[in-house]
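Visitor: Please walk me through this model. Keep the answers brisk.

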Amino acid sequence: MGINRREFLKIAGISVVTGLGGATAVDLLRRAPVEASQVSPNPKALTAKRWAMVIDTRKLTEADCKRMIEACHRIHNVPDIGTKQEVKWIWTEEYEHAFPDDMNEFVSDEVKHRPFLLLCNHCDQPACVRVCPTKATYKRADGIVMMDMHRCIGCRFCMAACPFGARSFNFGDPRPYVKEENPKYPTRMRGVVEKCTFCTERLAEGLMPACVEVSNGALIFGDLDDPNSEVRQVLRSNYNIRRKPNLGTQPCVYYIV
Amino acid sequence: MLEKALYGSKGYYVWILLLLGLIGLGSIAYYTQLTQGLKITGMSRDVSWGFYIAQFTYLVGVAASAVMLVLPYYFHHYKAFSKMIILGEFMAISAVSMCMLFIVVDLGQPQRLLNVILHPTPNSILFWDMVVLNGYLFLNIIIGWTTLQAERKGVTPASWIKPLVYLSVIWAFSIHTVTAFLYAGIPGRHYWLTAIMAARFLASAFCSGPAILLLLSLLLRRLTKYDPGKEAIQSLAKIITYAMCVNVFFFGLELFTAFYSNIPGHMHSFEYLFHGLEGHNLLVPFMWAAVVMAIGCLVLLIPPAFRNNENILVPALLMLVGASWIDKGLALLVAGFVPNMFERVTEYAPTIPELAVSMMVYATGALILTVLWKVAVSVKKEIA
Amino acid sequence: MYDGGKIITGLVVFVGLVTFPLWSNVGKAAKKPDPKIDTPVIQQLAEKKCIEPKVLMQAEHMKILNDWRDSVVRDGNKLYVSSSGKTFNMSLQNECMNCHSNKKQFCDECHNYTDVKPYCWTCHIEPKEKEKVAWASIEENS
């Protein structure tokens, strides 16, 4: 049989592509074991069109903040690393670091030393979602910017894009640094990015986020699209600011100063 | 033609073995990184991109620089580049390969990297970066290989090469623009949020890439007597000089905007680079060295009498590569992350394992370059 | 043929290497996997049934878990109605592992035999072997 090398390579190449393509097509077209009709959300879940949080910083003390950070980090198995490769979902900063654009030399003494709670702002137009190449971080219909740890490739583009520094990366295995594992919630593995998720697992059970629950009323959580919600009432009657609003990401965490 | 890379002088084999040894050594560091995670690097929560992505950024520029030869040669029939163009195209292949390798070693979950293809996200610039880098790699492989093959057989290349060549010119601009868009579209990081980021990238690419090509070609001439030709060398040196002038000018534009506007956010990163912030001043000596080298290389490149004298040209090009590497391969990344988004300063310096992994990638690129250039030079010698 | 001696020798060595797993394990049959389902939670169940029939679970449990993962994380769902009409929580850590709390005697049995290393439990904390309240389906508990 007279076949030259070029012909052979062409036939081999086409066979490989057809074989792989066919196998993939068969796999995709196979009946999925879980039909869409079988799954549904928990009827007890809290729902909203646009979840938001109002932090009344007038009511916050260092002890309150510590308690809230502890609650969040404990139930979500956030590791306590303590070096520059730390992981934190919620933390405190002073005014000049929370609102660096307001370079006010004469901010009032009390505000200057007040603790401000910083966390993911679950923006309306998040830069992190815009840049994620795999949709591992995405905006849910209820406004929460969520993380899919299974899909994250650890490229850290979202960390570069977030103008608020809200995201942390697991540089190493976090398990040794998790003081007390919460057996109801997973940990993460090395190589993925994590951040506050507005406690989606608690919202799905009809509970408020952990920080809100232990905040003694300093944190208000609700639906911005519902004009009668507590967040809207509080925002209507108190002067409130957000972090870096001029960047256009439309953060949904408001601060009453 | 690949069999040409299997035979060479004793020095050639020693060099290949040395590269393989370096790759092996670096692989040990990479294995540690795969098992322990990126904590072995110097990156942190605040400086979340470091040496790897910085090298990727620099090498994308080097890869795009092949267009500085392709454009005159194919669009304007500038025949003087005929002996150099294959070297440029093959260097582009090596550079793009290194780019992609640097991205892979930077990933926290490299085994999931196909997620970028399985879940395409057109609004993400990283998705487009993957598309354009792979496209450019294939373009250069196809164009370089078929033109060399055709030259070896003594025929003109097939007609379908022409549209691919034109595409590769536009594509070269695109790979660097897309990489610049990684930085230029990020709200909040003042050092990066500038409209001329893509222009700066291109200017820096078109001086540093050809400079590296010219230096390596001169080295090749010394090792193999393959001479790209005096006119080619001097033309390329001219192009490099113009591009470096534009590069330095653009940096000056950035300095003006930052300091004349006096906006603190814009100035902070420059202050960190050239003076230090809150006592943190790790990069200051590097930046001032880059300034000296940049101005020094222009002093040596602008006067034709200096530029055409190879004894002066070589140190000038070395200084150019040094200055552009410090600007793009060191400062660009770190200054975007310092100060961080709530005005805290965390410094960054690469660790030894990080440098070892980078050495593995650079050695791989050098291996690809050696093999391809060996093929090119052998084929050219064969038909001469 | 040319270099016939070298080729035959090379072929013999190659075939030997490729078939090494076969002839080196002659007479040493690996133990058939025997996953145990006698955990405290399962023993307290009225009907000892998983969410789906055993054969389906054996073949498709990874695909089911992947579909659950996307449904819970990306679509915000929580409840799964199985083919038998019962409702379950879609959760590896809190539902599946609640009954199958003996990872080493259950999950690992087959996974070790087939040399499959799923990394689910790098994140989804595996249960420590201790008493857990029977919580097989939501209907029984509401």
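**Domains, contacts and a helix pair**

Guide: Domain 1 of chain A spans 5-38, and domain 2 spans 51-256. Bear in mind that this is a predicted model.

Visitor: How far apart do the C-alpha centres of domain 1 and domain 2 of chain A lie?

Guide: Take domain 1 as 5-38 and domain 2 as 51-256 of chain A. The separation between their C-alpha centres is 43 Å.

Visitor: Which chains make the most contacts among the two pairs that touch?

Guide: Chain B and chain C can be ruled out, as they do not touch, with their nearest C-alpha atoms 12 Å apart. Of the two pairs that touch, the one with the most contacts is chains A and B.

Visitor: Which element gives the largest share of the side of chain A that touches chain B?

Guide: In this interface, 43 residues of chain A are in contact with 34 residues of chain B. On the chain A side, the elements giving two or more residues are α3 (95-98), α5 (127-131), α6 (157-161) and β7 (168-169). The largest share is four residues, and it comes from α6(A).

Visitor: How many residues on the side of chain A that touches chain B are nonpolar, polar and charged?

Guide: The side in question is the 43 residues of chain A in contact with chain B. By class, it has 22 nonpolar, 11 polar and 10 charged residues.

Visitor: Are α8(B) and α13(B) parallel, perpendicular or oblique to each other?

Guide: α8 covers residues 197-224 of chain B, and α13 covers residues 310-337. They pack at an angle of about 135 degrees, with their axes 9 Å apart. Roughly perpendicular ends at 115 degrees and roughly antiparallel begins over 145. α8(B) and α13(B) are therefore oblique.

Visitor: In which hand does α8(B) pass α13(B), and what classes of residue make the contact?

Guide: The crossing of α8(B) past α13(B) is left-handed. Among the contact residues are A211(B), L215(B) and L218(B) of α8(B), and L317(B), V321(B) and K328(B) of α13(B). The classes in this contact are 11 nonpolar, three polar and three charged.

Visitor: Is D108(C) buried, exposed or partly exposed?

Guide: D108(C) sits in helix α6 (residues 107-113) of chain C. Within 10 Å it has 16 other C-beta atoms. Buried needs 20 or more, and exposed needs 12 or fewer. The count for D108(C) therefore makes it partly exposed.

Visitor: What distance separates the C-alpha atoms of D108(C) and D34(C)?

Guide: Along the chain, D108(C) and D34(C) are 74 residues apart.

Note on methods:
Residues are numbered from 1 along each chain as its sequence is written. Chains are lettered from A and ligands numbered from 1 in the order in which they are written. This is a predicted model: local features need pLDDT of at least 70, side-chain atom pairs count only at pLDDT 80 or more; totals for chains, interfaces and linings use all residues. Domain bounds come from an automatic or database domain assignment. Axes are lines fitted to C-alpha atoms, for helices over the stretch in contact, and angles run from 0 to 180 degrees between N-to-C directions. Angles under 35 degrees count as roughly parallel, over 145 as roughly antiparallel, 65 to 115 as roughly perpendicular and the rest as oblique. A crossing is left-handed if the near helix is turned anticlockwise from the far one by less than a right angle, and right-handed if clockwise. Two residues are in contact if their C-beta atoms, placed from the backbone, lie within 7 Å. Ala, Val, Leu, Ile, Met, Phe, Trp, Tyr, Cys and Pro count as nonpolar, Asp, Glu, Lys and Arg as charged, and the others, Gly among them, as polar.
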